[in-house]
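Me: Please present the structure below, and let us then examine its salt bridges, a pocket and a surface patch by question and answer.

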Amino acid sequence: MLGTFVVLYLFLGGCGAAALFVTAVWSLLFHRTETRTFQQSRAFWDLAGKLYLASFGLLALSAFCLLLDLGSPHRFFLLFLRPTASLLSVGSFVLLAALLASGCLAAVHALGWPAPSWARKGLEALCAVLATVLMVYTGLYLAWMEAVPLWSNGALPALFALSSLSSGMAAVLLAAPFVRDWALLSGWIGGLHRAHLVVLGLEFLALVVFLALAAINPFAGPGLAQLVSPDGQAPWFFAGFVLGGIIVPFAAETLRPFTGRVAPVAASEVLCLFGGLILRFCLVLAGSHWLG
């Protein structure tokens with residue numbers, strides 16, 4: 001029913017939106033801090049530029065995957081030339097707006113485009129709103145399909161939004177150490193680690209609610225069985241997503257204050273990203289299998 005490019009579109013769009021959200025909110029909070037030093041401001045400006053560029057790249061890749069799934073370029077342009085009230089049309093416009101806004105912010109930081117402070121802050125606030133809509137939209141895209149009982153689940157939008165946010169945080173945390181003078185931002189990065197821990201906990205709760213709602217829905221039984229069956233997606237779902245995407249990163253974030261900066265923390269962020277992708281593949285495969 002849904003191809004590989006749609007799964008990649010949902011993952012890349014959600015991850016890119018979350019990275020954009022984290023960067024925009026971080027920038028808004030950072031520039032309200034009166035105790036920041038000039039060196040910290042310079043380090044953050046460099047980091048924010050790279051993060052906006054990475055967010056733009058992820059969102060552009062997601063749009064490209066959508067284009068490949070549609071098969072014909074003219075069908076892609078019809079989404080904008082002949083808009084409808086469908087979720088796909090709304091999501092496409094939000095994605096385009098997020099691309100334009102993140103691209104402008106990336107240019108302001110990386111290319112030195114002149115922009116007054118109020119304009120930059122306005123763009124960042126807009127990015128935070130658009131990114132939030134995109135993160136929720138990736139779950140609504142599947143939950144809206146009532147023909148697939150496993151997907152028609154009230155907890156799915158929350159699960160996908162939290163999974164996207166977790167992946168976006170992991171991407172930001174992975175990128176931070178590659179920026180000059182990133183250690184000057186260690187306090188902020190530590191706060192992001194703590195926020196990531198909370199998001200991972202909420203993601204696990206959303207997963208439990210999703211599975212509980214699927215279990216009490218008799219029509220979702222075949223899809224749920226495929227998802228948790230050893231002959232179905234269970235090995236990937238439990239090892240790739242539950243263990244690699246939630247439990248291991250949660251444990252790493254919990255132990256991080258006691259162990260300091262160690263390599264396994266970076267490895268856990270990679271697992272978190274991989275787990276987010278696995279979640280979407282497993283749910284799509286389980287739902288599509290039920291359709292035959």
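Predicted model: local features only at pLDDT ≥ 70, side-chain atom pairs only at ≥ 80, totals over all residues.

Me: How many salt bridges does the structure hold?
Reply: One of the salt bridges joins Asp 46 and Lys 50, and another joins Glu 124 and Arg 120. Asp 181 also forms a salt bridge, with Arg 180. The total held by the structure is three.

Me: Why are Asp 46 and Lys 50 separated by about one helical turn?
Reply: The closest N and O atoms of this salt bridge are 2.7 Å apart. Asp 46 is partly exposed at 23% relative accessibility, and Lys 50 is partly exposed at 42%. The separation is about one helical turn because the two residues, both in helix α2 (residues 38-70), are four residues apart.

Me: Is Glu 124 buried or exposed?
Reply: Glu 124 meets Arg 120 in a salt bridge of 3.3 Å, N to O, and the two are four residues apart in helix α5 (residues 117-143). Arg 120 has a relative accessible area of 8%, so Arg 120 is buried. Buried means under 20% relative accessible area. Glu 124 has 0% relative accessibility and therefore counts as buried.

Me: What separates the C-alpha atoms of Asp 181 and Ala 43?
Reply: Asp 181 lies in the loop between α6 (156-175) and α7 and, at 33% relative accessibility, counts as partly exposed. The closest N and O atoms of its salt bridge with Arg 180 are 4.0 Å apart, and Arg 180 is exposed, with a relative accessible area of 55%. Along the chain, Asp 181 and Ala 43 are 138 residues apart, yet their C-alpha atoms are separated by 5.7 Å.

Me: Which helix gives the most to the lining of the second largest pocket?
Reply: The second largest pocket holds about 160 Å³ of space. Its lining includes Phe 21, Trp 26, Met 169 and Trp 188, and by class it has nine nonpolar, one polar and no charged residues. At least two lining residues come from each of α1 (4-30) and α7. With five residues, the helix that gives the most is α1.

Me: How much accessible area does the nonpolar surface patch with Val 208 have together?
Reply: Val 208 lies in helix α7 (residues 186-216). Patches take residues with over 30% relative accessible area, and Val 208, at 42% relative accessibility, counts as partly exposed. Val 198, Leu 202, Phe 204 and Leu 205 are in the patch with Val 208, and the area together is about 430 Å².

Note on methods: Residues numbered from 1 in each chain as written. Heavy atoms only, no water. Patch = residues over 30% accessible without salt bridge, like charges linked within 9 Å, V, L, I, M, F, W, Y side chains within 5 Å. Areas by Shrake-Rupley, 256 points an atom, 1.4 Å probe, with all protein chains shown as cover. Salt bridge = Lys/Arg side-chain N within 4 Å of Asp/Glu carboxyl O. Buried < 20%, exposed > 50% of the residue type's maximum accessible area, 1.4 Å probe, protein only. 1 Å grid on protein atoms, 1.4 Å probe; cavity = no way out; pocket = protein on both sides within 12 Å on 5 of 7 lines; lining within 4 Å. Points joined across faces, edges and corners; volume = space filled by probe spheres on them. Nonpolar A, V, L, I, M, F, W, Y, C, P; charged D, E, K, R; others polar.
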